[in-house]
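Hi,

Here is the model I promised to pass on. Have a look at it first, and then read my notes below.

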Amino acid sequence: MNKIIKLFLVFSVIAFFSQYAHSQIISGQITNNLGQKVALVNIALQPTNIGTTTDSLGNYSLRVPEGTFTLLFTHISYQAISKKITIGKGENSKIDVVLNVKTETLKAVEVIDNEKAVRTQVSTIEVNPTALKNMPSPFGDFNQAISAVGLGVNNNSELSSAYSVRGGNFEENLVYVNNIEIYRPFLVRAGQQEGLSFVNPEMVKGVEFSSGGWQPKYGDKLSSVLNITYKKPTEFHAVVSAGLLGGAAHIEGSSKSQKMSYMVGVRQKSGRYLFNTLPTKGQYFPNFTDVQGFFNFSLGKKTDVSVLLSYGRNRYLIVPETRRTDFGTFNQSLRLTVDFAGQESLNYDTWQAGANLTHHFSSKFTSHFIFSGLKTFEREFINTEGTYRLCDVNTDMSSPDFNTCLFVRGTGSLYNYGRNFLDAQILSAENRNEFRPNERRKIEMGLRISNENINDKINQYNFSDSSEYVKITEKLNTEISLNSTRLSAYAQQTHFIGERQTLTYGFRLNYWTLNQQLLFSPRVQYSIKPNWKKNILFNAALGLYQQPPFYRELRDFNGVINKDLKAQSSIHAIMGMDWSFKQWERPFKFIAEVYYKYLTNVIPYDMDNVRLRYYANNNAVAYTVGADFRVSGEFIKGTESWFNLGLLSTKEDVQGDERGYIRRPTDQRITLTIFFEDHIPDNPSIRVNMRMMYGSGLPFGVPNLPNYRSVFSGGDYKRLDIGFSKIIKFKDKKFLESVWLGLDILNLFGADNKISYLWIPDFMGNQYAVPNGLSQRFFNLRVVLRK
């Protein structure tokens, strides 16, 4: 492992300095005659071999020597354009170009969508980062916004950044920031304990989200890929924001020569006021801080280096005092009252770092060398006791004792103790390569090696003490150490067939030293745009996706590690339609997809809030079938809104339980997400943003009784957040460019949503599922200053 990493470093240093030289920068944006941004435009500096391609937003940047040259812009769907330029030493130039459609496809209705790089990929959408920042949510969390955007994405807690996709769970999602893989915390149990999600919204340039059927170049998970690109700023900007639930500061800029750029952001999240609306009352002291830096360096004409640094500090302390929960029906209304003693203290410290060295060997061949590391220290100190009383409530409105306890069904105490310590270190080295032999082919391949070192010390137990007996509900006391290495590789090729078809095919390889399993995962994507008047594209994907177990899957309920656990496998079969059209002279898009997933070697699990507890056995098969629909566009001129509808069914058959197929913990049959943006007529500086989310009930069962898994259905999740904002812009930008003032009303209708259930016994030994609720209505004030 260390020798391989050293070889990577030596090669990188050689490329680093051999290419170092003074250079000038030409940059710009490519659009077409309809004003749309054009991706994958080839840009060549003739007569040299220097070149590049535009990104998904049509932007490009090229380091060139001094002298006189010809810039050639080419694309398979557009007429080529050449520009003669003369550039002096230390001179930078911005050249924007407008391309015209080739004559054989000149009619606007026949133009292939210029977001083709994303559009041709089934289940993949590109998201405007500005729309995500404007979306009302408790903490302005990026992942919360993603859950309202992606196809088939579900999030059932406004307090959590975790999301599930098309029947998968929270730990089946890949997240990349500039090709660096990002990891979730290990020990977090509830949404209110989470810190900020990794992605800093102010640093984001581009967002791509895939809900399935993604290409082989992305890693080994079962459900989704979130691919984030951070900005490379060219001028100075600063942002400061503050609100009742936290604040942030951000600066960015570049050197005069444009050879170095930087972004530094600090975020702070404090949910104390919001947490006071939870059912459990007490003293909340949450404090979550995130610091990130992203730096780019130009090392000559062909070599760039980007460095990403991050530190997350999560502190969560609660001294619970009381809780009162009313549940049941009007005819049989029950009430649980709990008086607490003790406290919970959770401390998480996470460092992540990554470096990406990009070298352009020629205009056709580019190589990326990526090095990353994660170090996390997670500590849990739990010592709480709750004395409870379960009673029937008087629902007779004519009675003087209305809404009081009629008689007591059960009394007792709940005791939770924990002293848990987890240290984890993950180091990786990766090489990614892109080769374009011509305009109609693109070949990509790469390999990755990573080492994981995890040490977990668990000492926790829970018991309930009711009227006549003590029942231990959980007891763990163990120490676990794991050190293993993973190897992976991929290769894929994309063919642009004619003007209207795209075919991508390839495979992934994966090997893990712990279970010594070698995985081969072939995948294929295809898209075709018929020669119709309507701008409709059809796409499809078929592939094998395999997720080797991580630490959490290996550990069963008793803290025992199953080192022979194999990877879960899922076959994705997806077909979709993407229709871009104009209505009221404004752009719109309609996406419809159907999908089927068949899973083998499934590891069953139970879900409690955001905590997943695995059975650590490959003893189940499962399937997911569903459909997603999305309409997006300018419903109001100059704004962006969308409507997402998802339908699915996911079930599993556990070997030996003799129950056949039962609902999986993420079997949410119906989801509906709406984001709508509006502004005052003739005054777009005053805006309204609305986010509405609905999800049908999730299944749940009796804990520690596998035969009663998923026998009940929880309540629906429904929530409406609305935000009002005013932007004040200044003509004299010497001190400030703008001030943004916002008022968010979170959970406008005060919906009483449930996240999990607490099981309480009565005197007769009957168990009652007491719902654990989420936050209530909350008013949040925010201000953002931009320079």
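This is a predicted model: local features need pLDDT of at least 70, side-chain atom pairs count only at pLDDT 80 or more; totals for chains, interfaces and linings use all residues.

Val 177 belongs to strand E12, which covers residues 173–177 and is mostly covered, with five of its five residues buried. Asn 173, Val 175 and Val 177 sit on one side of E12, Leu 174 and Tyr 176 on the other, and both of these faces are covered. E12 has strand partners as well. With E13 (residues 180–181) it pairs in the antiparallel sense, over two bridges. The hairpin of E12 and E13 has two residues between the strands, and Asn 178 there takes a positive phi near 50 degrees. The pairing of E12 with strand E15 (residues 224–230) is parallel and has five bridges. Leu 174 has Val 225 as its bridge partner in E15.

Now for the nonpolar cores. The largest one has 44 residues, and Phe 186, Phe 275, Tyr 316 and Tyr 551 are those with the most contacts inside it. Another core lies apart from that one; it has 34 residues, and Val 177 is among them, along with Ala 145, Met 203 and Phe 294. Back to Phe 275: if you leave aside its neighbours within four places in sequence, it is in contact with Phe 139, Leu 159, Gln 192, Tyr 284, Pro 286 and Tyr 316.

Further along the chain there are some longer pairings to look at. Strand E21 (residues 333–360) and strand E22 (residues 365–393) pair in the antiparallel sense over 27 bridges, and a hairpin of four residues joins E21 to E22. Within this pair, Gln 343 stands opposite Asn 383 of E22. E22 also pairs with strand E23 (residues 405–438), again antiparallel, over 29 bridges. There, Phe 365 has Phe 435 in E23 as its bridge partner.

Last, the surface. A nonpolar patch is formed by Tyr 505, Val 524, Leu 542, Ile 571, Tyr 596, Tyr 598, Val 625 and Tyr 661, which together have about 680 Å² of accessible area.

Notes. Residues are numbered from 1 along each chain as its sequence is written. Side-chain values use heavy atoms; hydrogens and water are left out. Patches are made of residues with over 30% relative accessible area and no salt bridge: like charges are joined within 9 Å, nonpolar side chains (Val, Leu, Ile, Met, Phe, Trp, Tyr) within 5 Å. Accessible areas come from the Shrake-Rupley method with a 1.4 Å probe; for residues, only the protein chains shown count as cover. A salt bridge is a side-chain nitrogen of Lys or Arg within 4 Å of a carboxyl oxygen of Asp or Glu. Two strands pair if DSSP finds at least two bridges between them. Buried means under 20% relative accessible area, exposed over 50%, partly exposed in between (1.4 Å probe, protein chains only). A nonpolar core is a set of buried Ala, Val, Leu, Ile, Met, Phe, Trp, Tyr and Cys residues joined through side-chain atoms within 4.5 Å. Contact means heavy atoms within 4.5 Å.
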